[in-house]
Amino acid sequence: MPTDASPPIRVAVCFAGAWRGWPRTYDQHIRPNIVDSLAEQHHRVDLFAVGDNLPWSPKNHRPDVRYNRTWNPEQMRELFGAEHFRAGELLSEEHMVNVSSHTWPEIAHAQAVLDEKSRRMKSPGSIPFAYVYKIWRCGQLIHRSGVAYDVVIRMRPDLWPIRPFKLARAADGRFELQV
């Protein structure tokens, strides 16, 4: 917890991935163990989120978990609250299929190689590539906010933290995350 001499730590939490089990995941796990815990320590907590509406892959289907393909920025703002929500995106299937026009050349080349391998293997494409792209897009949202964050926590939205996050400044000026 900051003392009178130390300012609050500015924390950006970036959710990037598939929105499985929302909003229950947020209400029962993420809000109390990350957002509320860090805010109670008097830190500034800003939330950023990126998802997509890609069809759910049958090979990865988990019938016990609901996957929300329509999780949009308006719903994000409503659930996260205006105090914490800063920006979000729901990327279309069309956007995710052709990211080359939205990224830098190295990513476009990697996508082309993965797409060719997918065609030869008759598979639906690169699921990990879509995930990495959403992480990159979330980083772009954070950058565009114009805030110089001290700490960025990047996580999948379907993770369930079971203990409160504690964040403190170390004597050498770095930060320590205790989970």
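Here is a short chat about the cores, a helix, a loop residue and a disulfide in this predicted model.

Student: Let's start inside. How many residues does the largest nonpolar core have?
Tutor: It has 24 residues. Phe15 and Phe80 have the most contacts inside it.

Student: Which elements give two or more residues to this core?
Tutor: They are β1 (10-16), α1 (24-40), β2 (44-52), α2 (73-80) and β4 (151-155).

Student: And which one gives the most?
Tutor: That is α1, with five residues.

Student: Back to Phe80. What does it touch, not counting residues up to four places away in sequence?
Tutor: Phe80 touches Phe15, Trp22, Tyr26, Leu47, Ala49 and Phe85.

Student: Now α1. Where is its kink?
Tutor: At Arg31, shortly before Pro32. The kink is about 65°.

Student: Which residues of α1 are buried?
Tutor: Thr25, Tyr26, His29, Ile30, Asn33, Ile34, Val35, Ser37 and Leu38.

Student: What covers them?
Tutor: The cover includes β1, β2, α2, β4 and β5 (166-169).

Student: New topic. Where is Asp158?
Tutor: Asp158 sits in the loop between β4 and β5.

Student: Is Asp158 buried or exposed?
Tutor: Buried. Its relative accessibility is 15%, and the cut-off for buried is under 20%.

Student: Which side chain does Asp158 join in a polar contact?
Tutor: The side chain of Arg156, at 2.7 Å.

Student: What else is Asp158 in contact with, leaving aside neighbours within four places in sequence?
Tutor: Asp158 is in contact with Ala18, Arg20 and Trp22.

Student: Last topic. How many disulfides are there?
Tutor: The count comes to one. It joins Cys14 to Cys138, with S to S at 2.2 Å.

Student: What kind of bond is a disulfide?
Tutor: A covalent bond between the sulfur atoms of two cysteines.

Student: Which parts does this pair tie together?
Tutor: Cys14 lies in strand β1 and Cys138 in helix α5 (residues 127-144), so the pair ties together parts that are 124 residues apart in sequence.

Student: Why does Cys14 count as buried?
Tutor: Because its relative accessibility is 2%. Cys138 counts as buried too, at 0%.

Terms used
Residues are numbered from 1 along each chain as its sequence is written. This is a predicted model: local features need pLDDT of at least 70, side-chain atom pairs count only at pLDDT 80 or more; totals for chains, interfaces and linings use all residues. Side-chain values use heavy atoms; hydrogens and water are left out. A nonpolar core is a set of buried Ala, Val, Leu, Ile, Met, Phe, Trp, Tyr and Cys residues joined through side-chain atoms within 4.5 Å. Buried means under 20% relative accessible area, exposed over 50%, partly exposed in between (1.4 Å probe, protein chains only). Helices (H or I, at least four residues) and strands (E, at least two) are DSSP runs, numbered from the N terminus. Contact means heavy atoms within 4.5 Å. The bend at a residue is the angle between axes fitted to the seven residues ending there and the seven starting there. A polar contact is a pair of N or O atoms within 3.5 Å; within protein, one must be able to donate a hydrogen and the other to accept it, and residues adjacent in sequence count only if both atoms are side-chain atoms. A disulfide is a pair of cysteine sulfur atoms within 2.5 Å.
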